[in-house]
Amino acid sequence: MIRGFLNRLALAVVVAAGLAGSVSVAFAQNVVVHGNRRVDTDTIRSYFTGNDFDKGVEDLRKTGLFSSVRARRDGGTIILDVAENNVINRVAFEGNSKVKTESLQAEIQTRSRGPFDPAIVDADVQRILEIYRRSGRAAASVKYRIVDLPNGRIDVVFTIDEGAKTGIKEIRFIGNQVYSGYRLRGLMQTTEMNLLSFFKTSDVYDPDKISADLELIRRFYLKNGYADFRIVNSDATYDPAQQGYIITISVDEGPQYRVGDVGVDSHLPDVPSERLRPLVSISAGDIYNGDAVEKTVERLTKEVAKSGYAFSQVRPRGDRDVATHTVRIAFVVDEGPRVYIERIEVRGNTRTRDFVIRREFEIGEGDAYNRVLIDRAERRLNSLGYFKKVRITNQPGSQADRVIIIVDVEDQPTGSFSVSGGYSTTDGFLAELSVSESNFMGRGQFVRAAVTAGQHARGVELSFTEPYIFDQPIAAGVDVFAKQSDVSRYSYYKNTIVGGTLRFGLPVTDEISFAPRYSLYNQYVSVPNDTKHPYNDCGNPIFGVTPGYTAFDLLAIASGNPFGARSLFFNCLTNGEASLAIKEAQGSTLTSLAGYTLSYNSLDRIKEPTSGIYAELKQDIAGLGGQSRFVRTTGEFRYYHDIVWDDIIGIARLQGGIMQPIAGYQLRVTDNFNLGPGLVRGFAPGGIGPRDVSDFTNSQGNGIGGTKYLGGSLEAQFPIWGLPRELGLKGAVFADAGTLWDYRGRTNFNNVLGLTPILGNTCLPPYTPPLYGQGSCIQLDDEKKIRSSVGASILWASPLGPIRFDYAFVTSKASHDVTQRFRFSGGSSF
């Protein structure tokens, strides 16, 4: 009985389904279509397969194939009157020169071979206007027109009037009392329009850049103790009268806080708080520093992870005391939720390889999720300079304890071609042609080729750097170079160096790095001897007379009065003669040396730093083959800090060096330190230190360098008030002091000249037979006196390169030093 009932029920279901299908088919067959030309009638009828008449009409309209759909009933028949949208043959752009067609096509939704939809085209007009607005051309206008073609096809043409550049006319700050608007604008990458707008694009209004600038300002205040700082509002208004944007930023600075107390509160059983306290980089009494707090969190996170607590969380907790303006900081260490990284997805990198991005993460897929390390990776990616923007977000994974890391990046150009030119009082006019790429083939490698030519110097240099070798953050690079410097008023010899360097870079901490290197180069020194540069004519006369004498001198000697005409006529010394020490250095010398640089860098920024310390120790040991044998050690220390007002930056600098020969090696002039304005401004190149003054016709003699130097400098850099910051002009006042001493080369050249069998170690004076000129020894002036100077400078960070003018007054010097009050150096890229 039950089986019979089930059979009858199944039959009923089948019959009902058949009837429903017949009704749907019949409903679709009773649709009559008018007006369609390209869309098949059966395709249109397929939208009416049910009893819902209105839904079929609505779905048909949503296809975008028709500009209008009208339906009516005629008895049991549905009559559709449709008007098809035209099919777009092509999309074209007219009038665009500042924005490439490819960039516009990538943003719009109107596509070739698609249906024409006026609403979509209108929306594309707004998208194009937004592109131009972000490019600094808010006055641009966009229209479109339709070009009719046969068979219902059309061309859509966007006509663009790009208009004039509409950048940022003014950036205003409201509410700032501690730091001037000038200083705050100096923190921003966005700049105001001025006379240099022709050369720059940083004055273009871009909301994303403004947001990044606001974050820089916020971090700056937190770094300097303003823990309550907040940005109240940021507004951008386009001013048609000024044809530019007015950016208004309202801030609430709050009071400056100092650190009242610092502690570490570890809730992990195997990690006591006492063990973590030495890693804290902020102390009681310090001005509150948000960067120092952030670095401490990173250090503690890494240290705890080494102890096996991969899921630990380090949270800084600050308790403000408004009355005393102090903050008690506690770093709380807890075991966090056990969440793993399911995978890391990289998006938007059209050029940079995935592995270049992934290697900046200190954690990988399958590791414990740690927000601190994710934020650190985002900062490192931003600092590479490969991307316009970097954004890291999270998405839930396949399970509750899984998370997916999404890395969105946008590549930017990283190559450059530059033609540079400049002038310095040392090298004269100089030009350089260079090609460089900091993200070579998207692999993060740096490649550079440069050719230099100038009045007194020329050369070529090739460089390659791989920032990661063996999948470790160890940089390796190679440099190949050839350089030649000619004689000048500061040098009596030509110097040609050809060689190469193999170098490595190993980060020890965030601030400390170790960079070993090996160099092999050949140096060729020659002293010119021609009518223009007769610097070796005492030994090789160029006028066919006895070295050191004119024909009149010879007549005086023959008459028994060798000194009678000497003061009246020129000879080989009075027209300039290279020192015997310089002549000894002539020829080729192969140098093979290994060295290293140990550096510490806590500067707030590499370009134009305002705070922090940079220190380095360099040491090179020559003697691994070749002819040179010496140990050269140099060091430098620079300290930057705000002084008096926030716009004035103080710079203190110390430097020193020592050269030590080994294995009985005789140091040459070209091995020594030859210093001038790099040690004490106000002195000529090579104008400080030991000199050969054996030529009494030249009061300054020949600079021959020394083996030890020590110097210090104090400088204050300040804006030139009343001038726009974007002009890049700054002033400076300075005071320098230093000395160079301890010449350890040969002073008696009897052996070199073949006079030892005759004279032994007795020096042959100048103008004495058989040399009749320079003599056989040098007269050394090696005073250890401190040289000092004070002066003023103008610095111009021009769009064409950095330029510096120094004017110094020497306040102390040795008797034979060479001074140079004015010094100018600069370069350009255009």
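Modeller: A strand is a DSSP run of E, at least two residues long, and strands are numbered from the N terminus. The model here is predicted.

Biologist: Is S436 buried or exposed?

Modeller: The cut-off for buried is under 20% relative accessible area. S436 has 16%, so it counts as buried.

Biologist: Which residues is S436 in contact with, leaving aside neighbours within four places in sequence?

Modeller: There are two runs of sequence to look at. One holds T414, G415 and S416. The other holds F446, V447 and R448.

Biologist: Now R328. Where is its place?

Modeller: R328 lies in strand β12, residues 326-335. Its relative accessible area is 36%, so R328 is partly exposed. Beyond four places in sequence, R328 touches D261, R317, G318 and D319.

Biologist: How many residues lie between R328 and V259 in chain terms, and what separates their C-alpha atoms?

Modeller: They are 69 residues apart along the chain, yet the C-alpha atoms are separated by 6.1 Å.

Biologist: What do the totals for the chain look like? How many helices and strands does the secondary structure come to?

Modeller: It comes to 15 helices and 34 strands. The chain has 830 residues, and 42% of them count as buried. Take contacts between residues at least 6 apart in sequence: 60% of these join residues at least 24 apart.

Biologist: How do strands of a sheet pair?

Modeller: They pair through backbone hydrogen bonds, either parallel or antiparallel. Start with β19, residues 457-466, and β20, residues 475-485. They run antiparallel and are joined by 10 bridges.

Biologist: How many bridges join β20 to β21?

Modeller: There are 11, and these two strands also run antiparallel; β21 spans residues 494-507. Here A476 sits opposite F504 of β21.

Biologist: Next, sheet order. In what order do the strands of the sheet with β4, β5 and β6 come?

Modeller: The order is β4-β6-β5, in an open sheet with mixed pairing. An edge strand pairs on one side only; here the edges are β4 (87-94) and β5 (141-149). From one strand to the next, the twist averages 20°.

Biologist: Do β4 and β6 run parallel or antiparallel?

Modeller: Parallel, with seven bridges between β4 and β6, residues 153-161. In this pairing A92 stands opposite V157 of β6. Helix α5, residues 118-134, packs on the sheet and touches β4, β5 and β6. The direction of α5 makes about 140° with that of β5.

Biologist: And what is the order of the sheet with β27, β28 and β31?

Modeller: This open sheet of three strands has the order β28-β27-β31, and the pairing is antiparallel. Its edges are β28 (702-703) and β31 (780-781), each pairing on one side only. Two bridges join β27, residues 691-692, to β28. In one of the pairs, R691 has G703 in β28 as its bridge partner.

Biologist: On to helix packing. At what angle do α9 and α11 pack?

Modeller: Read the angle and the axis distance together. Helix α9 (residues 290-306) and helix α11 (residues 371-384) pack at about 125°, and their axes are 10 Å apart. At that angle α9 is oblique to α11. The crossing of the two is left-handed.

Biologist: Which residues of α9 and α11 meet?

Modeller: From α9 come E294, V297, E298, T301 and K302; from α11 come V372, L373, R376 and R379. By class, this contact divides into three nonpolar, one polar and five charged residues.

Biologist: How do the axes of α7 and α9 cross?

Modeller: They cross at roughly 90° and come within 6 Å; α7 covers residues 207-223. That makes α7 roughly perpendicular to α9. R219, L222 and K223 of α7 make the contact with G290, D291 and E294 of α9. The classes here are one nonpolar, one polar and four charged.

Methods. Residues numbered from 1 in each chain as written. Predicted model: local features only at pLDDT ≥ 70, side-chain atom pairs only at ≥ 80, totals over all residues. Heavy atoms only, no water. Pairing = 2+ DSSP bridges. Helix = DSSP H or I, 4+ residues; strand = E, 2+ residues; numbered from the N terminus. Axes fitted to C-alpha atoms, helices over the stretch in contact; angles between N-to-C directions. Parallel < 35°, antiparallel > 145°, perpendicular 65-115°, else oblique. Left-handed = near helix turned anticlockwise from the far one by under 90°. Contact = heavy atoms within 4.5 Å. Nonpolar A, V, L, I, M, F, W, Y, C, P; charged D, E, K, R; others polar. Buried < 20%, exposed > 50% of the residue type's maximum accessible area, 1.4 Å probe, protein only.
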